[in-house]
Amino acid sequence: MTCEMNSTRLPADISLNEGPIDPPTPMNPFASTDRRGFTKTTLLAGAALASGSLSLPGAETPAKRIRTGLIGCGSVSNQYLPQLTQSPFVEVVSLCDIKPERARRQAERFHVAHHYPDIQAMLAGEPFDFLVDTTDMQEHEKINRRALEAGKHVWSEKPIANTLAAGQELLRVANRNKLRLWGAPITVQSPQFAFMARQLAAGKLGRVAAAHANYGHEGPDWSAFFYEKGGGSLPDLAVYNITSLSGLLGPVKNVMAMLSIVTPERTVGDKGRIQVTEEDNAMVLLDHGNGVLSHVQSGFNYFNPNGHEGRNETRHTISIVGSSGFMGMVGYDWEPLGVDLATKDSPRLERHVTNPEGYVWQQGANLAAECLATGKELLVTPEHALHVLEIITAARESSAAGKRIALTSTFRWPVV
Ligand SMILES: NC(=O)c1ccc[n+]([C@@H]2O[C@H](COP(=O)([O-])OP(=O)(O)OC[C@H]3O[C@@H](n4cnc5c(N)ncnc54)[C@H](O)[C@@H]3O)[C@@H](O)[C@H]2O)c1
């Protein structure tokens, strides 16, 4: 899931048993209501509003708009800003980029009144409540911290931070200041994810044994950070599959991995010829407990005849098998096209959930803003994002040391 500047190329449940329900709080008055029901309504309403086909009930009372600033006006801002500027719950008041020309250009294009050359000027400038962080992967941790310390809610592109400890500290700062922190990706919000989780919960696959997920392409060619320390194919690409598999099969107990660099030098738009110093090829084994094992394969050296186009990808990129059933997600988990299912009772592979029901991968920050405006919760949680971050850092540790790494973090599961 990657796209170049000004390009439109895409980057690329239901309970086993009812988990604890969050109690309603002033910040989250709807917490005890079904989160997927809310999400589905929201996604459909958002899509219909964007297309002009829906007015909200009580439309005479305009929705509360969350004053929003976006930092990082590169490639992915071309995906976020069209969403944010269409949302009835968002008012984009400022943009920021250390390449000020980029912030100026996006401010003009998306009619945003204020733009700034750094986070300090942004925080001191036009007031806002919610920061959307789409900067380089290595920058998120410090920018998210600055924003939280300045009293802003944060939606961060992945990863939220570079280590589990730093991410947990950010969450502590957020909780202390009664602020919200969320991180991409939002694969658990798709109706295809929901369908797969429902089949698992209903026992349709029998005794679940194994799963495989894969995602790769030839690698971004515009920015060096993807290949530098703190970048790599794990937090850029495998993060989607790891989120989906842990979301479907449960928190991971142990990780083993082998990582490598296949292409040690690359040419990228911002720095020319560079050395690749973070993995561009990854094989990660996940132990979900109770004997369930899964495997994620990802990298920046994968030829794909469809390039970055999610909607043209029709392979199964996630497959799960058990003693009496098989399930394959059609297309990528960030833009799934359906789910194929075969069971002992119904052994012909049949396709389900071909309707996205309004889900698009670029919508995470919109959903977060809606949550801030109305209290409607997301299925995406910071605890899950931090667990995925721990898996990524554990995979690196495992590969370097040649050993299995036990994890310490967890998240609320099942994701419903
Ligand atoms: N490009 C995509 O299609 C895509 C898709 C999904 C997720 N992402 C994620 O989005 C993030 C950004 O990726 P991108 O492809 O847009 O990269 P990019 O290089 O195109 O854009 C990043 C921008 O952030 C700016 N920036 C860096 N440090 C900054 C700082 N301290 N303050 C202000 N601005 C700063 C850079 O100048 C640049 O304009 C990454 O986490 C990436 O994994 C990208």
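## Exercises on a predicted model

A hairpin of two residues connects strand S13 to strand S14. Helices (H or I, at least four residues) and strands (E, at least two) are DSSP runs, numbered from the N terminus. The model is predicted: local features need pLDDT of at least 70, side-chain atom pairs count only at pLDDT 80 or more, and totals for chains, interfaces and linings use all residues. Residues are numbered from 1 along each chain as its sequence is written.

**Exercise 1.** Describe how S13 pairs with S14 and with S7.

*Solution.* Two strands pair if DSSP finds at least two bridges between them.
- Step 1: S13 and S14 (residues 325-330) are antiparallel, with six bridges. Gly322 is opposite Gly325 of S14.
- Step 2: S7 (residues 208-216) and S13 (residues 316-322) also run antiparallel, joined by five bridges. Ala211 has Ile320 of S13 as its bridge partner.

**Exercise 2.** Classify Asp118 as buried, partly exposed or exposed.

*Solution.*
- Step 1: A residue is buried if 20 or more other C-beta atoms, placed from the backbone, lie within 10 Å of its own, exposed if 12 or fewer, and partly exposed in between.
- Step 2: Asp118 has 14 C-beta neighbours inside 10 Å, so Asp118 is partly exposed.

**Exercise 3.** Locate Asp118 and find its contacts beyond four places in sequence.

*Solution.*
- Step 1: Asp118 is in the loop between strand S3 (114-116) and helix H4 (119-124).
- Step 2: Contact means C-beta atoms, placed from the backbone, within 7 Å. Leaving aside neighbours within four places in sequence, Asp118 contacts Cys96 and Ile98.
- Step 3: The C-alpha atoms of Asp118 and Asp97 are 6.1 Å apart, although 21 residues separate the two along the chain.

Key. Two residues are in contact if their C-beta atoms, placed from the backbone, lie within 7 Å.
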